[in-house]
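Please look at the sequence and the model together before reading on.

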Amino acid sequence: MIHLPAGNENLFAREFEMTNDVDEVVRRLRDGVVRRVDLASAAADGGPKEIMVLMASVGFDAEVVHDLASRRRGPVRHLSYLLPAIRSFLRFAPSSMRLTVDEGDLPETGPAIVMIANSRQYAGRLDPAARARMDDGRLDLLILPCRGRFGLLRWALALFRRRQLDDSRTTYLEGRRFRLVFERPVHWQVDGDPPHHSSLIRTLEIEIESGVLPVLVHPRTA
């Protein structure tokens, strides 16, 4: 697989240093090396599985994604996210959850922003799950305790400073299977878009599928 970036962030292309330069594409097709990376499957409320390439999350970014999708009337640019972000901030109210990682139950988590990542890449190069790797056979879970708008602003500052993993309140775990049960219905997003089969959910299950996607990479990154 090779990807020609044409969107706003192009996170998959960034992960593998892919460009839309024709000469570079030809060089990669001629000299590239196949690297097999992980995918994940995500299912909400026992419904159909969604393919997850990069990450899924519940919290502020999921609310923004759903707000934008509900009002979208054409191509999306960076500025398109401004009003959805403002509206989502004003009504932000994260949910508590119960969490199972690889069949082991963790203590109930209070209101929080949660992300399960297969890749470190994220919009604006914020990279919340900065340790995630796409070929390690594991997913990375990031939980940022957050009760409301003040907490959201505090975590936003930590992300901009790349200090979110240094905070003692952060939970960061790795695993192959995750099950999240939320106290109340929440929106979720997968790879930056609303999922195809569900909107508000109470449970989310995500499982890694190791080495299933062949990607054509530059020899120096193989």
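## Overall form

The model described here is predicted. The protein has 222 residues, and its secondary structure consists of five helices and 11 strands. Its C-alpha atoms, taken along the principal axes, fill a box of roughly 50 × 40 × 35 Å.

How does the radius of gyration of the protein compare with that of a compact globule, and what is its value? For 222 residues, a compact globule would have a radius of gyration near 17 Å; the protein has 18 Å, so the two agree.

## Surface and charge

Buried residues account for 46% of the 222 residues. The accessible surface of the protein amounts to about 11500 Å², and carbon and sulfur atoms provide 54% of that surface.

The protein carries 32 positive and 30 negative charges. The mean position of the positive charges and that of the negative charges lie 5 Å apart.

## The nonpolar cores

Which residues touch the most other members of the largest nonpolar core? They are Phe-12, Phe-16 and Val-215, in a core of 28 residues. Several elements contribute two or more residues each to this core: the helices α1 (11-15) and α5 (149-160), together with the strands β1 (33-44), β6 (112-117), β7 (139-145) and β11 (200-217). Another core, of 25 residues, lies apart from the largest one, and its members include Met-52, Ala-56, Ile-116 and Phe-182.

Leaving out residues up to four places away in sequence, Phe-16 touches Arg-28, Arg-35, Val-37, Met-134, Val-215 and Val-217. One of these partners, Val-215, is also named above among the residues with the most contacts to other core members.

## A buried strand residue and a partly exposed helix residue

Leu-99 is located in strand β4, which spans residues 97-101. Is Leu-99 buried or exposed? Its relative accessible area is 2%, and because buried means under 20%, Leu-99 counts as buried. Beyond its neighbours up to four places away in sequence, Leu-99 touches Gly-104, Asp-105, Leu-106, Leu-141, Ile-143, Phe-178, Arg-179 and Leu-180. The C-alpha atoms of Leu-99 and His-187 are 17 Å apart in space, and the two residues are 88 residues apart in sequence.

Arg-149 belongs to helix α5. Its relative accessibility is 40%, and therefore Arg-149 counts as partly exposed. Leaving aside neighbours within four places in sequence, Arg-149 is in contact with Phe-89, Leu-90 and Phe-92. Arg-149 and Val-22 are separated by 127 residues in sequence and by 45 Å in space, from C-alpha to C-alpha.

## Residues in loops

Two residues other than glycine have a positive phi angle here. Glu-17 has a phi of about 55 degrees and lies in the loop between α1 and α2 (22-31). With a relative accessibility of 40%, Glu-17 counts as partly exposed. Arg-125 has a phi near 60 degrees and is placed in the loop between β6 and β7. Its relative accessible area is 48%, so Arg-125 is partly exposed.

Where is Gly-192 placed? Gly-192 is in the loop between β10 (189-190) and β11. It counts as partly exposed because its relative accessibility is 29%. Gly-192 touches Met-55 and Val-65, when residues up to four places away in sequence are not counted. Gly-192 and Ile-86 are 106 residues apart along the chain, and their C-alpha atoms are separated by 18 Å.

Conventions. Residues numbered from 1 in each chain as written. Predicted model: local features only at pLDDT ≥ 70, side-chain atom pairs only at ≥ 80, totals over all residues. Heavy atoms only, no water. Helix = DSSP H or I, 4+ residues; strand = E, 2+ residues; numbered from the N terminus. Rg over C-alpha atoms; globule rule 2.2 N^0.38 Å. Buried < 20%, exposed > 50% of the residue type's maximum accessible area, 1.4 Å probe, protein only. Areas by Shrake-Rupley, 256 points an atom, 1.4 Å probe, with all protein chains shown as cover. Lys, Arg positive; Asp, Glu negative; His and termini not counted. Charge placed at Lys NZ, Arg CZ, Asp CG, Glu CD. Core = buried A, V, L, I, M, F, W, Y, C linked by side-chain atoms within 4.5 Å. Contact = heavy atoms within 4.5 Å.
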